[in-house]
Amino acid sequence: MDTSAETPLSHIPLFARLDGTEQRALLGVMKQQVARATDTIFWVGDDGDTLFVIESGRVSITAPDERGDHIVLDTLGPGAVFGEIGLLDGGPRTATVRAISDVSLLALRRDDFHAFLRQWPDVAIDILQIMGSRQRVSTAAIRGLTNPNAVIAEKTTIWQRVSDTIATVAASQAFSLVHVFWFGGW
């Protein structure tokens, strides 16, 4: 097997363990795709059947909060990969990806990836190991996060809590009804 020749996939951690022949074979099933600045590449909830490698340009990864506002989770540039979860399980997208600038992408569809793995079964082991280590890093990062509600509660003064209680009572339906009847009867 030829391991000496570099390919566009050589510096991408997900594919770096593949030798040159395997990388060129994988490149053969990937399709070029272009997105213009501000284009949405995919929306959260869309079918997830394609992995993307950024050749040039930048994208933002966003997810909606409880109010529906999109929060930027990450910004990715050349050599970054996104959409790998959908490549593995075919489930819905977990985030929205938009082009920040004009972007050139390599797209790997799930069906093409499966056909590639049938021809190169040893590659599956390498990719699974890398995906497993990425999952461990993500899990460790999540475990290290502090609950922002707990931090806010710790730093809240007595007067802020009193003000919050007064605001909550004053904004309640019961408070409003009592005042309507009180002043209406007066």
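This is a predicted model: local features need pLDDT of at least 70, side-chain atom pairs count only at pLDDT 80 or more; totals for chains, interfaces and linings use all residues.

Colleague: Is Thr-7 buried or exposed?

Modeller: A residue counts as buried when its relative accessible area is under 20%. Thr-7 has a value of 9%, and is therefore buried. Apart from neighbours within four places in sequence, Thr-7 is in contact with Gly-20, Gln-23, Arg-24 and Leu-27.

Colleague: How do H1 and H3 pack, and at what angle?

Modeller: Helix H1, residues 20–29, packs with helix H3, residues 110–119, at an angle of about 150 degrees, and their axes are 10 Å apart. The crossing of H1 past H3 is right-handed.

Colleague: Which residues of H1 and H3 meet?

Modeller: From H1 come Glu-22, Ala-25, Leu-26 and Val-29, which meet Asp-112, Phe-113 and Phe-116 of H3. This contact comprises 5 nonpolar residues, no polar ones and 2 charged ones.

Colleague: How should I read the largest pocket, and what volume does it have?

Modeller: Rolling a probe the size of a water molecule over the atoms shows where empty space is left. Here the largest pocket has a volume of about 900 Å³. Its lining consists of 32 residues, and those nearest the centre are Val-81, Gly-83, Glu-84, Ile-85 and Arg-134.

Colleague: Which helix gives the most to this lining?

Modeller: H4 does, with 6 residues. Elements that each supply at least two lining residues include strand S4 (59–64), strand S5 (70–76) and helix H2 (84–89). By type, the lining divides into 19 nonpolar, 8 polar and 5 charged residues.

How values were computed: Residues are numbered from 1 along each chain as its sequence is written. Side-chain values use heavy atoms; hydrogens and water are left out. On a 1 Å grid over the protein atoms alone, a cavity is a set of points where a 1.4 Å probe fits but cannot get out, and a pocket is an open set with protein on both sides within 12 Å along at least five of seven lines; lining residues have an atom within 4 Å of a point. Grid points are joined across faces, edges and corners, and a volume is the space filled by probe spheres set on the points. Helices (H or I, at least four residues) and strands (E, at least two) are DSSP runs, numbered from the N terminus. Ala, Val, Leu, Ile, Met, Phe, Trp, Tyr, Cys and Pro count as nonpolar, Asp, Glu, Lys and Arg as charged, and the others, Gly among them, as polar. Axes are lines fitted to C-alpha atoms, for helices over the stretch in contact, and angles run from 0 to 180 degrees between N-to-C directions. A crossing is left-handed if the near helix is turned anticlockwise from the far one by less than a right angle, and right-handed if clockwise. Contact means heavy atoms within 4.5 Å. Buried means under 20% relative accessible area, exposed over 50%, partly exposed in between (1.4 Å probe, protein chains only).
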